[in-house]
Amino acid sequence: MTYSIDMLGIENASGLSRSSKANVAELRDVQSRMAGRNALLDSYYDGTVQVRDFGITIDPETMENDQVCFWPEKVVSALSDRIQLTGWAFPGDEEDEGFRRLDGRNRIGSAYMRYLPNCLVHGCMFAVTGRGETGTYVRFHNAKTATAVPSDDYDSGGVACGMAVASVGRTEWSAGRPVVRRVNLYEPGLVTELTQVAPSRWTARPMPVPERQPLMVAFAHRATGEKPFGQSRISRAVQSITRDAVRTMFRMECSSAFHAMPQKFLMGMAEDQMDTFVEMKRKLYADDVLLMTCDEEGNVPTFGQVSGNSPQPFVEQMRFLASLLAGMTGVPLASLGVVQDNPSSAQAIEAAREDIVVAAMRQTDADAASLRRLAALAMAVEGNTTVDVLSESQRAVSPLFADPRTPSPVSQADAMVKIASVAPWVAETDVFLERLGFSDADIRRLNEAKSRIDARAVLAGTGAQAALQLPAGGAE
């Protein structure tokens, strides 16, 4: 559902305290300043960006400028596809049942994976938690439906305050359009529910919470000290190369059209012949032979054809642009549609993927810290307490990510089998089964089946040993 994130007048909601009004006004200013940038990044990711200067002028009725470039989408997906959240780790292999139920209701891992591309496109995403009608909720937001102000220490993931769209729908006064109905404001020790009751009229309902830090966590891509909420993977350099690629494809299309309908010329025609040829321009293209007569003085018109340019220079330019983009983003050339004349060796392919693997490992390290913080906040909300009083095992819950160097199940299973051949005890652990691709439910069933098999083996061994100890004449 497409809707306009219009929160006009929200900073003047009735019932807001003076400090909350100041926070809402600041957040609204951030959201307004970033709206144009986020829309531009989305246009590059969706392939709808418009390039107006092609360096040549073409009649729009003759040829439509509809060229698109998929490279920005590939720049994002090449990294997001290498990041796979496989589950959660618990200290001492003792699962926290409370968190397991919480995760089951909210499907935190699935929501994280679904919003990860948005994080890479906009540079950040947010997750919020709180108490709802059905219990503790955990929701993810992109940079368009949520905004935040970084904490004073500019720690990556630290939020001073933030707000997120909580409900969208049609109302009696929205004239059939979906509008933002409710927004939640997250401040230290306070969650405020802002409800739009009429166009640009809002009411506030403050709800104090025990936790002193805002119940919002930021996920950032390539966060720095100056940009704590990250940077877009579709950088200005990627945008520039994308525009150059679109121009090159359009010029190549013009060149191919010139090849399909080469330009001919006739010089020295009489006026009546000129008028006749102008009326027959389309028919002349299909004719194989042109028959011309001499004029009264015996002069014959000069006929010629302009040769078209080869498309090879455009192909080479696209290959050059793809090489620049690959070197900048770590995306292999083959993923950008560039086919090499000579197949690369396994070592060369692995070296080409090294940069994207390093980027994926850096992203998983940053996101793991944010996910741990989110899990702790959710458990604190579930227990109506604070993170400080959670048990050590609860605070130690951490996410598990697949190795980005082996994203496919086949290669990952092969790697684990090779490891088990060197260290056989690894094959006796649940981690081994997990890396082979089995789900948690399958692992439990396999362990239960193994326990039954072991029990039958013990019983069979006990019976055989008792039979060996009987006297030769049988039992008395």
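Tutor: Start with threonine 248, which lies in helix H5 (residues 236-260); helices here are DSSP runs of H or I with at least four residues, strands are runs of E with at least two, and both are numbered from the N terminus. The model is predicted, so local features need pLDDT of at least 70 and side-chain atom pairs count only at pLDDT 80 or more, while totals for chains, interfaces and linings use all residues. Residues are numbered from 1 along each chain as its sequence is written, and side-chain values use heavy atoms, with hydrogens and water left out.

Student: Is threonine 248 buried or exposed?

Tutor: Buried means under 20% relative accessible area, exposed means over 50%, and partly exposed is in between, with a 1.4 Å probe and protein chains only. Threonine 248 has a relative accessible area of 1%, so it is buried.

Student: Which residues does threonine 248 touch?

Tutor: Contact means heavy atoms within 4.5 Å. Not counting residues up to four places away in sequence, threonine 248 touches Phe314, Gln317, Met318 and Leu321. With glutamine 317 there is also a side-chain polar contact of 3.4 Å. A polar contact is a pair of N or O atoms within 3.5 Å; within protein, one must be able to donate a hydrogen and the other to accept it, and residues adjacent in sequence count only if both atoms are side-chain atoms.

Student: How many salt bridges does the structure hold?

Tutor: Side chains of opposite charge can pair when their charged atoms come close. The criterion is a side-chain nitrogen of Lys or Arg within 4 Å of a carboxyl oxygen of Asp or Glu. The structure holds 9 salt bridges. One of them joins arginine 28 and glutamate 11, at 3.8 Å from N to O. Arginine 28 is in helix H1 (residues 18-46) and glutamate 11 in the segment before H1, so the pair ties together parts 17 residues apart in sequence.

Student: Which parts does the pair of glutamate 382 and arginine 105 tie together?

Tutor: The closest N and O atoms of this salt bridge are 3.4 Å apart. Glutamate 382 lies in helix H10 (residues 354-382) and arginine 105 in helix H3 (residues 97-106), so the parts tied together are 277 residues apart in sequence.

Student: Where do arginine 395 and glutamate 392 lie?

Tutor: Both are in helix H11 (residues 392-395), 3 residues apart, about one turn of the helix. Glutamate 392 is exposed at 60% relative accessible area, whereas arginine 395 is partly exposed at 33%.
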